[in-house]
Amino acid sequence: MREFGYHRADDVTGAVALLDADPDARYLGGGTNLVDLMKTGVERPARLVDIRRLPLDRIEPTDDGGLRIGATVTNSDLAAHPEVRRRYPALTQAVLAGASGQLRNMATVGGNLLQRTRCGYFADVTKPCNKREPGSGCPAVEGEHRNHAILGASEHCVAVHPSDMGVALTAFDAVVSYETADGPGQSPLADFYLPVGDTPHRETVLPPGALITGVTLPPAPVAAASRYRKVRERASYAFAIGSIAAALDVRDGAVRDVRLAFGAVASRPWRARSAERALLGAPADAEHFAAAADAELAAARPLPDNAYKVTLMRNLVVAVLTELAEEAVR
């Protein structure tokens, strides 16, 4: 691990100024991903700017009936918050599925969104990786890719984003707020992660040195009837091989509103807009749920060893939406 300096930030402006002055510095929240990457040599910051004491640790209602979640809110506090549990239950379920209690106590909302892929080639500095070293190649395309992307990938990178929380936030149209040396900015989470293309090392729209200050969830009545389902290779805590955040509003047997986002299938949480469009106004039954899944997954381009994810995600869509539809008529 490279020797590094440490500074505890007292305010947002001061934290941003430190990174603006030192491109080799990194923000330190819970450190549950950054410190691991420092140990392996993937990240080699010259300085860590500790932001845990900044006043960004609250969950508050917005004037229009949504929720604003501060960037340093821990995953544990987010999952346990009564308004999150009541109004966005899939978000609570996603956070609880994401990690053990010890990790949730440390991990922060802002850090969760910025965590790096768990692709083994990315994490191994002895291997080439376009995300880590642009232009060096993507050995996963011909190598180990069982858990890699089937949507939105390119020949330059087939890694997936590991966040569970981000999938639920994407389904509910969350907006990321951030601060830069030039002032504040915002980005819908659906646009926050950049397409892979030929620049997989550029992962988000954040300007250099930007600090995430919070995430805003707009009011979404449909989110009260929502669910997060995660499939993983073992029962204990593990990263998803496929997941879904779904919300469904059914009236008179037809879909009045629906939200769908997929996890572990792309370089970012994947908003399933084709499936949503196919379902609006359609009968709320398994046949139409399957057709909607097929509409979304028509764009899938699986590799030889991860084609199973197409069937997995289709089955997840049908199973979770069927459960929500049955609950709606009880």
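This is a predicted model: local features need pLDDT of at least 70, side-chain atom pairs count only at pLDDT 80 or more; totals for chains, interfaces and linings use all residues.

Guide: Residues are numbered from 1 along each chain as its sequence is written, and side-chain values use heavy atoms, with hydrogens and water left out.

Visitor: What makes the radius of gyration of the protein agree with that of a compact globule?

Guide: The radius is taken over C-alpha atoms, and the globule rule is 2.2 Å times the number of residues to the power 0.38. For 330 residues the rule gives a value near 20 Å, and the protein has 20 Å, so the two agree. Along the principal axes, the C-alpha trace spans about 60 × 50 × 35 Å.

Visitor: How many helices and strands does the protein have, and how are they defined?

Guide: There are 13 helices and 12 strands. Helices (H or I, at least four residues) and strands (E, at least two) are DSSP runs, numbered from the N terminus.

Visitor: What share of the residues is buried, and what does the word require?

Guide: Buried means under 20% relative accessible area, exposed means over 50%, and partly exposed lies in between (1.4 Å probe, protein chains only). Buried residues make up 53% of the 330 residues.

Visitor: What share of the contacts in the protein joins residues 24 or more positions apart?

Guide: A contact means heavy atoms within 4.5 Å. Of the contacts with a separation of 6 or more, 63% are between residues 24 or more positions apart.

Visitor: Why is α5 described as largely enclosed?

Guide: Seven of the 10 residues of α5 are buried, so the rest of the structure largely encloses this helix. The buried residues are P89, A90, L91, T92, A94, V95 and A97.

Visitor: How do you know that the span of α13 is close to the expected one?

Guide: The expected span of a helix is 1.5 Å times one less than its number of residues. Helix α13 (residues 308–328) has 21 residues and reaches 30 Å from its first C-alpha to its last, close to the 30 Å expected. Its buried residues include L312, M313, L316 and V317. Among the elements that cover the buried residues of α13 are β10 (242–251), β11 (254–263) and α12 (286–297).

Visitor: Which aromatic pair is called tilted, and which edge-to-face?

Guide: Rings of Phe, Tyr and Trp (its six-membered ring) pair if their centres lie within 6.5 Å; planes under 30 degrees apart count as stacked, over 60 as edge-to-face and the rest as tilted. By this rule there are two aromatic pairs. Y88 and F172 lie 5.8 Å apart, centre to centre, with 50 degrees between their planes, and form a tilted pair. This pair links Y88, in the loop between α4 (82–87) and α5 (89–98), with F172, in the loop between α9 (165–171) and β6 (175–180), 84 residues apart. Both Y88 and F172 are buried. The ring centres of F192 and Y193 are 5.1 Å apart and their planes are at 85 degrees, so this pair is edge-to-face. F192 and Y193 are buried as well.

Visitor: What places R146 over the face of Y308?

Guide: A charge sits over a ring if NZ of Lys or CZ of Arg is within 6 Å of the ring centre and within 35 degrees of the ring normal. R146 lies over the face of Y308, at 4.4 Å from the ring centre.

Visitor: Is D252 buried or exposed, and which is A264?

Guide: D252 has 84% relative accessibility and therefore counts as exposed. This residue lies in the loop between β10 and β11, and its phi is near 55 degrees, a positive value in a residue other than glycine. A264, in the loop between β11 and β12 (270–271), has 7% relative accessibility and therefore counts as buried. A264 has a positive phi of about 65 degrees, although it is not a glycine.

Visitor: Why is D24 called partly exposed?

Guide: D24 has a relative accessible area of 40%, so it is partly exposed. D24 lies in the loop between α1 (12–21) and β2 (25–28). Leaving aside neighbours within four places in sequence, D24 is in contact with R2, P45, A46 and R47.

Visitor: Why is A210 called buried?

Guide: The relative accessible area of A210 is 9%, so the residue is buried. A210 is found in the loop between α10 (189–192) and β8 (211–217). Beyond neighbours within four places in sequence, A210 is in contact with Y27, Y178, E179 and T180.
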